[in-house]
Amino acid sequence: MAGVVVGGAFLSGFINVVLDRLISADAVNLVVGKKLSSDLVERLRNALTDAGALVDDAELKQLDNHDVKEWLNCLRDALYTADDLLDRACTKAATTKVTLLGRIFNSEDRQMENEIERVVRRIEDLEKRKGKLGLEKISTASFSWKTPSTSLEKGKVYGREDDQKALIKMLNDNNENHLSVISIVGMGGVGKTTLAQWMYNNAELMEGFDRKAWVCVSEKFNIVETTKNIVKEISINTQDLDSFNSIQDALKKGLSEKKFFIVLDDVWSNDHHQWKDFLAPFQYGVKGSTILLTTRKEDVGSVVQTNYHPHYLIPLSEDCCWSVFAANASFPESNGNPTLEGIGKKIAKKCDGLPLAAETLGCLCRRHDAKEWEKILRSDIWGYSTNDSKIVPALLISYFHLAAHLKRCFVYCALFPKDYVFNKDELILLWMAEDLLSLPKRGETLEEVGCKCFEELASRLFFKPAKYKFERFVMHDLLHDLAIFLAGDFYCRIEDLGEQEEKKVLTRHLSYFPRGSLGHSITKVFNFIAKSESLRTSLYIDDLFSMESVASKFIYLRVLSFHKLDVLPDSIGELIHLRYLNLSCCSINRLPESLCNLYNLQTLILYRCTKLTMLPRNMHNLVNLRHLELGKTCLEEMPGGISKLKHLHTLDFFVVGKHEDNKIQELGGLSNLHGSLELKKLENIVDVKEAENARMTNKNLIDKLYLEWSSGDDMVSNTKAERDIFDSLQPHNSMKELTIKGYKGTIFPDWLGNCSYNNMTSVSLKSCNNCCMLPSLGQLPSLKALRIQGFLHLKCVGMEFYKGIGDPSVHIAPPFPLLESLKCYSMACWEE
C-alpha cells in the first residue's frame with residue numbers, strides 16, 4: 001500500500017474544529033478584550049497548522065514507535081484544552097450584553113489569555129520535536145505488512161458451503177447476460193479473497209471460460225496499471241504498450257469474442273468516471289463474461305455497473321473458526337490434548353467469526369504449550385505487532401481509509417460495551433454534541449451530515465444490522481477492540497467496580513455500563529482520573545451530582561446522561577459547554593430555571609420523566625436547542641415562547657395552552673420539525689384561525705401525528721366549529737401514521753381518508769364518542785393497519801367508509817388494497 005493515510009489523520013479533523021473556532025476571532029476578542037493580541041491568535045493558528053501537517057505521518061509511525069504515540073497524545077491533549085478555551089470564549093461572546101468599549105479587563109479574562117498562551121507554547125514545542133521523532137510533512141510511512149493477493153489457494157476453505165453454492169448459482173445465472181459483475185462484500189479478514197481464490201481455481205466452474213485474469217487492485221485504483229496487469233495475465237506479448245490507448249486496445253483485442261472471468265481483488269474506488277473508462281474494453285466479450293469483485297464497501301459494485309449482484313459474506317460460526325484455528329496451530333481436531341482444546345476454543349471464540357483472526361492466532365499457537373495459549377487468550381489482539389498479526393493491519397486499513405471526521409466518529413464508539421445495540425439517531429446526536437461531524441454544506445442540516453456519516457460507516461461495514469431489532473445496529477467485536485485501541489486513555493468505559501483502574505490523566509470521555517443488572521456508586525472512579533475537571537462526556541454516571549461542587553469540577557462537560565436521577569441541581573446552569581442532556585426515565589419532578597442558561601444545549605431528552613408536570617418558564621432562551629423529547633411525560637402545559645426555538649428539529653409532544661404565548665399557533669414558526677408529533681388538549685383551540693396559524697400542512701417532515709382532545713363532557717355546543725377546527729389541523733400528505741383520540745365533533749373532515757395521503761400506512765381512531773359516521777378510509781392506497789375503538793354512537797358502517805361520497809361517474813379504486821390488520825372494539829351501539 002502507498003505510504004499515505006488515505007482519509008486524513010484522526011487529529012486532522014480535531015485540528016479543523018479548533019481552527020473553525022479560531023475563525024471567530026472577533027468573538028474571542030469580545031470576551032478577553034483587546035489584551036488578547038492578534039499576534040497570539042495568529043501564533044495559535046500557525047502552531048495548529050504546522051502541527052497538523054505532521055499528523056498524517058505520525059498516525060502511521062505511532063504503531064511501531066512509542067515516542068510518536070506519546071507525541072500524538074500530547075498534541076491531542078493540547079487540542080482538547082485549546083478547544084475548551086475557545087468554546088468558552090465563543091459562548092461568552094454570544095451571551096454577553098456588554099459592549100467591547102464598556103468592558104473591563106478582569107482577572108478571568110487575564111486567566112484565559114494566560115491559558116491560551118500556555119497552549120500555544122505547548123503546540124509550538126511539539127512541532128519543534130519533529131526532527132528527533134523523524135516526522136515529516138509528507139508521510140513516508142508505509143503499510144509494509146500489506147502484501148498484494150494472488151490467485152493461489154493457501155489451504156482448505158472452512159464453513160463456506162452455502163456461500164459457494166450461492167456464487168455458483170450467480171455465475172450460472174449470468175450466462176445470458178453480456179457482461180455481469182458479481183461482488184463479494186465483507187469486512188476485512190472475513191474471507192473474501194479466499195472465496196474468490198476457490199472460484200478462480202475451481203476447474204469445473206471455469207470450464208467454458210476462454211480467458212482468466214487475477215488482479216489485486218488494492219487501495220489506489222490506477223486504471224492504467226490495472227488494465228496493463230490484466231493484459232499481462234491474458235497475453236504474453238505486452239510490448240509497445242506505452243500509452244493508455246494502446247493498453248486498452250490490447251485488452252479489447254484479447255477479450256473480443258471471448259468469454260472471460262476477471263477477478264479484481266480488494267477494490268476500494270467508487271469513482272464512477274474512472275470505472276466507466278476502465279470498463280470500455282470489457283464490452284467486447286461474449287455472453288456469460290463475468291467480473292468478480294471483492295470489496296469492503298457496499299456501494300462499489302453498483303458504481304461499477306447497474307447490473308450487478310452483491311454477495312454479503314458474514315462471519316463464520318464458532319465451530320468453523322475453531323477448525324481454522326486448529327489447522328493453523330497444527331493441532332489435531334480430534335484426539336488432541338483436551339486442556340489445549342478447551343483453551344483453543346475460547347481463543348477461537350474471541351475471533352468473532354473472522355477466519356483471518358483465527359488463522360493469525362492459530363499460527364501464534366503452534367507451540368503446544370498450555371501456558372502460551374493461556375497467555376494469548378488473556379492478551380488483547382491489539383497488543384501484537386503488525387509483524388505477528390495480520391488481522392491488525394487488515395482492520396487498520398479499513399480505518400485508515402476513513403475521512404478524518406469519520407475516524408473520530410468511529411473511535412467515539414469505544415465508550416460503549418461490546419455487543420451494544422446502537423440507535424442510529426441517538427449516536428448522531430452524541431456526535432453532534434461532541435463536534436465530531438464535518439461542517440454542513442449549504443442547505444444541509446447537522447442531522448443530515450450525521451446520517452451520512454453513519455451510513456458511510458455502515459456501508460464500510462463498521463456497523464451491521466442487529467438481529468431481530470429494526471433500525472438497530474451492532475459493531476463487530478474486533479472492530480470494537482480497534483476503537484478501544486485507538487481511543488487510548490482519552491476514553492474510559494467502566495464496567496466492573498472491582499477492577500483497579502489505573503490513573504488516567506488524559507481521560508475526557510467517561511461512561512459506566514455495569515455488567516450486572518444493578519448499578520453502584522462509582523464516585524470512587526474519579527479518584528483515578530487526575531483531570532476530571534476537563535471531562536467532556538459523562539454517560540450514565542448516576543451519582544455525578546452527589547459529588548461536591550459539580551460545576552467547578554466538570555465545567556467542560558458537553559454530554560451528560562443518566563439512568564436514574566431524582567433531583568437536577570441548580571448548578572446545571574453553570575455547565576455552559578453542555579450540548580446534550582439525557583434525563584429519560586428519571587424521577588425528577590422539576591427542572592431548575594438555571595437550565596435555561598445553557599446557551600449551547602442542542603438536545604434535551606425527558607422521555608418517560610413521568611413525574612415531570614412543568615418545564616422552566618424561560619425555555620425560549622435555549623436558542624440552539626434542536627431536539628426536545630417530551631414523550632410519555634405528564635406535562636400540564638407548555639412554557640411560553642416555544643416558537644422562538646427556530647432550530648427545533650424534534651418536538652415530539654406539545655400541550656395546547658390557553659395563554660397567548662403557549663397556544664397552538666406557537667407551532668406555526670417551527671418549520672423544521674421531523675418525525676413524530678403528539679398534540680394534546682386540542683379542546684383549548686377556540687377558533688379556526690388559531691388552528692390555521694399552526695401551519696400543519698407545511699410540516700412535510702412530520703410523518704407520525706397524534707391528535708388528542710382530553711376526555712370529559714363529549715357534548716359540544718357547536719359541532720360545526722369542532723369540525724372546522726379539526727379541518728384546519730390538516731397535516732401534510734407525506735404523513736405515514738395518524739392517531740386521533742377524543743375528537744368531539746360528529747363528522748370527520750374530508751381530508752381524513754383522501755387518496756392523496758398515499759404514504760399513510762396506519763390509522764387509529766379512539767374514543768370519538770359523538771361520531772356517528774366513519775371517515776372514507778377505504779381509498780387510502782397504502783393503509784396496512786386500521787384500529788377503531790370506543791365509538792359509542794356508531795351503529796353501522798356505510799359505503800362512505802369504503803369510498804368518498806360524490807359524483808358516481810368518477811372511477812373509484814377498490815377499497816383497502818393493502819390492508820393487513822383491522823381491529824374494532826368497544827363499539828357499544830354497533831348494529832351491523
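Before you select anything, here is a term you'll need: a cavity is a set of grid points where a 1.4 Å probe fits but cannot get out, and its lining residues have an atom within 4 Å of one of those points. Keep in mind that what you have open is a predicted model.

**Stop 1: the largest cavity**

A search of the whole structure turns up 4 cavities of 30 Å³ or more. We'll visit the largest one, with a volume of about 80 Å³. To see its lining, select F10, F14, R76, Y80, R408, Y412, E434, L436, Y491, H509 and R536.

**Stop 2: helix α18**

Next, select residues 370-378, which make up helix α18. Show the side chains of W373, I376 and L377, the buried residues of this helix. They span an arc of only 105° around the axis, so they sit on the same side of α18.

What covers them? Bring up α15 (318-328), α16 (338-350) and α17 (355-364), which are among the elements covering these buried residues.

**Last stop: the start of α18**

Zoom in on D369 and K371 at the start of α18. A side-chain oxygen of D369 comes to within 2.8 Å of the backbone nitrogen of K371.

Notes:
Residues numbered from 1 in each chain as written. Predicted model: local features only at pLDDT ≥ 70, side-chain atom pairs only at ≥ 80, totals over all residues. Heavy atoms only, no water. 1 Å grid on protein atoms, 1.4 Å probe; cavity = no way out; pocket = protein on both sides within 12 Å on 5 of 7 lines; lining within 4 Å. Points joined across faces, edges and corners; volume = space filled by probe spheres on them. Buried < 20%, exposed > 50% of the residue type's maximum accessible area, 1.4 Å probe, protein only. Helix = DSSP H or I, 4+ residues; strand = E, 2+ residues; numbered from the N terminus. Arc of directions from axis to C-beta. Contact = heavy atoms within 4.5 Å. Polar contact = N/O pair within 3.5 Å; in protein donor to acceptor, adjacent residues only side chain to side chain.
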